[in-house]
Amino acid sequence: MIERGGGDAKWRDGKTAVYVFNAGPELSQVQHEAYGLYMAENGLGPLAFPSLAQMEKEVISMALGLLHGPEGATGAMTSGGTDSITMAVKTARDYARANGRAQGQANIVLANSAHLAFDKAAHLMDIEVRRTPLLNDGSWGMDVAAMEAAMDADTIMAVGSAPNFPHGLIDPIEALGEAAARKGVWLHVDACVGGYFAPFARMNGVPVPPFDFEIPAVQSMSADLHKYGYCAKGASTVLFRSEALYAHMPFDMDTWSGAPMKTPTLAGTRPGGAISAAWAVMNHLGIEGYRGLQGLVCATRERMEEGVKRLGFEIVGAPKLGLMAFSHPGAHPFAVYGEMYRRGWFTSVTKEPPSLHLMLSPKHADVTEQYLADLAESLAAVSEGREGDRVEARYS
Ligand SMILES: *Cc1c(COP(=O)(O)O)cnc(C)c1O
């Protein structure tokens with residue numbers, strides 16, 4: 001099996017900065033052991049496996065504790081960010097319909113930097129997507145006025161990201177919350193990549209603005225455990241301000257030949273391992289463990305920022321967490337990407353503006369100098385016009 005992966009991206013060496021979150025062998029062992037113990041169990045059956053139901057409940061409670069969930073807030077574990085987002089959109093739509101809104105063609109309003117999982121969910125549910133352009137003042141931030149202007153009586157959800165994936169920037173959720181409240185629109189905060197990072201960065205002194213249930217207009221959130229929660233893959237959380245909102249999520253049916261069944265999320269069968277591993281990792285790390293890891297990632301991002309700036313790159317906006325994008329006035333970032341790829345680095349790119357993209361893990365602390373040295377070489381190769389075949393940057 002290990003040999004089969006010989007041609008894969010070298011994530012164990014820290015040479016990927018997308019797809020994998022590498023917090024080292026100790027955490028990997030916690031994931032393996034806890035996942036293996038519940039490999040056969042099925043989260044579909046909480047009555048058969050009350051221990052899994054209890055673990056899920058505790059995971060949700062830890063999530064709400066971190067994200068200022070008010071009394072009565074609740075949620076569920078899902079298979080990932082796309083699943084969480086799909087369920088949040090579905091819940092908001094059913095809530096809107098139950099309350100006399102969106103009687104026509106339902107729509108959702110989001111900035112261009114929001115994740116495409118919302119478009120996928122909207123496609124599945126025949127919902128219109130209204131994307132607003134980003135500010136062109138050099139900040140690449142969300143245009144809250146444009147977001148508000150796009151909301152109407154058929155808007156079932158407005159979306160803010162904390163942070164977004166392309167730039168790693170946190171949207172102005174407070175201002176967006178005021179706009180959503182004025183329009184009577186459900187606000188979802190997509191904290192898939194930041195939900196288990198931003199609270200710890202804040203504890204470490206990073207000036208993270210309010211972005212979660214602390215803001216009254218925020219009705220739901222998505223936060224992925226299998227990203228900066230460092231849990232095994234197949235684990236995310238979708239959270240709601242109240243039981244009354246959550247009540248629109250589960251699918252409950254008794255009119256078929258089989259037994260009546262109620263499922264909270266998109267899945268039927270739910271892998272017990274993803275739940276047990278998440279519970280184990282969260283309890284293993286605790287607040288202090290997460291603070292340490294996220295502090296290391298923030299420090300690594302700062303070193304990376306300084307290093308790429310020395311090479312003439314410009315950081316897109318002012319990232320505060322583990323993601324960053326950077327462009328170059330003299331060399332096309334996609335050409336530099338191709339050179340880095342030839343040197344064994346598998347990272348991502350951002351299209352708007354064209355830039356290189358890094359989603360950093362604790363492991364990258366060990367390889368920052370190596371990355372920057374290869375980046376300097378790659379930049380020189382591109383500037384001198386001796387780049388190898390351009391690699392088409394595509395991720396599927
Ligand atoms: C990763 C991500 C998602 C989607 O999560 P998956 O687990 O890949 O389905 C959604 N939003 C943001 C901001 C993300 O970074």
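Me: How many residues surround the ligand, and which are the closest?

Reply: Keeping in mind that this is a predicted model, 13 residues surround the ligand, and the closest are G81, T82, D190, H226 and K227.

Me: What are the distances from the ligand to G81, T82 and H226?

Reply: For G81 the backbone is involved, with an N or O atom lying 2.8 Å from an oxygen atom of the ligand. For T82 the side chain is involved, and one of its N or O atoms is 2.6 Å from a ligand oxygen. H226 also uses its side chain, where an N or O atom is 2.8 Å from an oxygen atom of the ligand.

Me: And how much of the ligand does the protein bury?

Reply: Taken alone, the ligand exposes 380 Å², and the protein buries 85% of that.

Me: Which element gives the largest share of the shell, and what classes of residue are in the shell?

Reply: Helix α3, which covers residues 81-98, gives the largest share of the shell around the ligand with 3 residues. By class, the shell has 5 nonpolar, 5 polar and 3 charged residues.

Me: New topic: how many disulfides does a search of the whole structure find?

Reply: The search finds 0 disulfides. C231, for instance, is in no disulfide, and the nearest cysteine sulfur, which belongs to C192, is 13 Å away.

Me: Is C298 buried or exposed, and what about C231?

Reply: C298 is buried, with a relative accessible area of 7%, and C231 is buried as well, with a value of 5%.

Me: How many bridges join β1 to β7?

Reply: There are 5 bridges between β1 and strand β7 (residues 236-240), and the two strands run antiparallel. Within that pair, G75 stands opposite L239 in β7.

Me: What is the order of the strands in the open sheet?

Reply: The open sheet is formed by 4 strands in the order β10-β11-β13-β12, and the pairing is antiparallel. Its edge strands are β10 (314-315) and β12 (348-350), each of which pairs on one side only. Inside the sheet, β11 (residues 323-327) pairs with β13 (residues 355-359) over 4 bridges, and L323 stands opposite M359 in β13.

Me: Where does V316 sit, and is it buried or exposed?

Reply: V316 is in the loop between β10 and β11, and at 3% relative accessibility V316 counts as buried. V316 is also 178 residues from G138 in sequence, yet their C-alpha atoms are 8.1 Å apart in space.

Me: What about V159, where is that one?

Reply: V159 is found in strand β4, residues 155-161, and V159 is buried, with a relative accessible area of 1%. Between V159 and L110 there are 49 residues of separation in sequence, and 5.1 Å from C-alpha to C-alpha.

Me: Last topic, the backbone. Which peptide bonds are cis?

Reply: Most residues other than glycine have a negative phi, and most peptide bonds are trans. Here the bond from A162 to P163 is cis, with omega near -5°, and P163 has its place in the loop between β4 and α6 (173-183). The bond from E352 to P353 is cis too, again with omega near -5°, and P353 is in the loop between β12 and β13.

Me: What are the phi values of Y19 and H68?

Reply: Y19 has a phi near 75°, a positive value in a residue other than glycine, and Y19 belongs to the segment before α1 (25-37). H68 has a positive phi of about 55° although it is not a glycine, and H68 lies in the loop between α2 (50-66) and β1.

Me: How accessible are Y19 and H68?

Reply: Y19 counts as partly exposed at 43% relative accessibility, and H68 is partly exposed with a relative accessible area of 36%.

Note on methods
Residues numbered from 1 in each chain as written. Predicted model: local features only at pLDDT ≥ 70, side-chain atom pairs only at ≥ 80, totals over all residues. Heavy atoms only, no water. Near = heavy atom within 4 Å. Polar contact = N/O pair within 3.5 Å; in protein donor to acceptor, adjacent residues only side chain to side chain. Areas by Shrake-Rupley, 256 points an atom, 1.4 Å probe, with all protein chains shown as cover. Nonpolar A, V, L, I, M, F, W, Y, C, P; charged D, E, K, R; others polar. Disulfide = S-S within 2.5 Å. Buried < 20%, exposed > 50% of the residue type's maximum accessible area, 1.4 Å probe, protein only. Pairing = 2+ DSSP bridges.
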